[in-house]
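Here is a friendly note to read with the structure open beside you. Take the points in order, and find each residue as it comes up.

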Amino acid sequence: NIADKLRNPIVAIGGLSKLLLREKLPSNTERLVSAIREKVLEIEGVLREVLSIGKYVDFSFKKEYILNVIRGAVRFVKYEFLEKGKNKKIRIRMLSDVPMFYMDPEKLFLVFKNVLHYLLSYGDKVEIKIWKDDELGIVYIDFIEPSFSVKYMDSVIKSFLSYSSYDIRVDFAIIGNILRAHKGSLSIEESKEKGFSIRIILPIKD
């Protein structure tokens with residue numbers, strides 16, 4: 001509701017700045033208007049993302065393979081970091097055969113994309129382990145950064161809770177809402193083997 005109410009005045013400011021930039025302005029004024037225009041475009045992007053994710057009633061659950069959704073997020077994040085000239089490694093290990101199950105692939109894609117982004121913002125390597133528990137009817141997805149110490153936990157949590165000016169990211173609370181809509185959960189913990197782990201649990205029973 002807040003995002004929806006903010007959108008109209010932000011769009012109006014953006015439109016005004018666009019019109020002003022067509023005029024001959026003093027150099028100082030032009031720099032100021034350009035800065036306003038740039039910030040408005042960033043805020044508009046945040047609002048669009050919040051509005052699209054916030055419509056939980058519009059969830060479209062369909063049968064899909066979780067591996068396909070994760071691979072899509074991996075490709076997206078790898079490309080994002082390659083554009084910035086940073087080489088990041090992501091390895092996927094399917095430890096047991098996970099069947100198709102009902103989900104909203106687009107919204108889970110956003111969750112996986114952002115989890116990977118957060119970890120790779122601090123480290124250079126992520127291992128994704130996927131397996132199921134037949135008895136409980138759930139799938140475990142662990143995102144592990146092996147060189148990452150648990151002492152960085154506060155930093156990761158803070159990054160989940162914030163937007164940076166040039167890097168629009170999905171808020172941790174929204175990620176939590178997406179997972180709750182899937183009757184799933186997310187936890188942040190020290191990996192049993194080595195490093196730092198973000199674990200996502202999703203039910204696979206129809």
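Which residues of the largest nonpolar core touch the most other members? Please keep in mind throughout that this is a predicted model.

1. **The core.** The largest nonpolar core has 36 residues, and those touching the most other members are Ile66, Phe112, Ile128, Ile141 and Phe143. Several elements give two or more residues to this core: helices H3 (66-83), H4 (105-122) and H6 (172-181), together with strands E3 (101-103), E4 (125-133), E5 (138-145) and E7 (196-203). As background, nonpolar side chains tend to be buried together in soluble globular proteins.

2. What does Ile66 contact, once its neighbours within four places in sequence are left aside? The list is Val98, Phe101, Met103, Leu108, Phe112, Ile130, Ile141 and Leu202. Two of these partners, Phe112 and Ile141, are also among the core residues that touch the most other members.

3. **The overall plan.** Let us step back to the whole chain. The protein has 6 helices and 7 strands, and along the sequence they follow the pattern α-α-β-α-β-β-α-β-β-α-α-β-β. Of its 206 residues, 41% count as buried. Among contacts between residues at least 6 apart in sequence, 72% join residues at least 24 apart. The accessible surface comes to about 12100 Å², and carbon and sulfur atoms account for 54% of that.

4. **Helix H4.** Is H4 mostly covered or mostly uncovered? H4 is mostly covered, with 14 of its 18 residues buried. Its length can be checked too: at 1.5 Å a residue, the 18 residues of H4 should span 26 Å, and the end C-alpha atoms are 26 Å apart, so the two values agree. While you look along a helix, remember that an α-helix has 3.6 residues a turn, so residues three or four places apart point the same way.

5. **The cap on H4.** Which residue caps the N-terminal end of H4? The cap is Asp104, which has a side-chain oxygen 3.2 Å from the backbone nitrogen of Glu106. The side chain of Asp104 also reaches the backbone nitrogen of Lys107, at 3.1 Å. Asp104 sits in the loop between E3 and H4. With a relative accessible area of 5%, Asp104 is buried, because buried means under 20%.

6. The structure holds 3 aromatic pairs. One of them joins Phe76 and Phe109, which are edge-to-face, with 5.9 Å from centre to centre and 90° between the planes. This pair links distant parts of the chain, as Phe76 is in helix H3 and Phe109 in helix H4, 33 residues apart. Both residues are partly exposed: the relative accessible area is 41% for Phe76 and 22% for Phe109.

7. **A tilted pair.** The rings of Phe112 and Phe143 have centres 5.9 Å apart and planes at 35°, so this pair is tilted. Phe112 belongs to helix H4 and Phe143 to strand E5, so the pair ties together parts that are 31 residues apart in sequence.

8. **A backbone angle to look at.** Lys183 has a phi near 60°, a positive value in a residue other than glycine. For context, most residues other than glycine have a negative phi. Where is Lys183 placed? Lys183 is in the loop between H6 and strand E6 (185-190), and this residue is exposed, with a relative accessible area of 72%.

9. **Sequence distance and space.** Lys63, in strand E1 (residues 62-64), is 40 residues from Met103 in sequence, while their C-alpha atoms are 6.4 Å apart in space. Lys63 counts as partly exposed, at 40% relative accessibility. Glu189, in strand E6, is 10 residues from Arg199 in sequence and 7.9 Å away in space, C-alpha to C-alpha. Glu189 is partly exposed as well, with a relative accessible area of 30%.

Key
Residues numbered from 1 in each chain as written. Predicted model: local features only at pLDDT ≥ 70, side-chain atom pairs only at ≥ 80, totals over all residues. Heavy atoms only, no water. Core = buried A, V, L, I, M, F, W, Y, C linked by side-chain atoms within 4.5 Å. Buried < 20%, exposed > 50% of the residue type's maximum accessible area, 1.4 Å probe, protein only. Helix = DSSP H or I, 4+ residues; strand = E, 2+ residues; numbered from the N terminus. Contact = heavy atoms within 4.5 Å. Expected span 1.5 Å × (residues − 1). Polar contact = N/O pair within 3.5 Å; in protein donor to acceptor, adjacent residues only side chain to side chain. Phe/Tyr/Trp six-rings, centres within 6.5 Å; stacked < 30°, edge-to-face > 60°. Areas by Shrake-Rupley, 256 points an atom, 1.4 Å probe, with all protein chains shown as cover.
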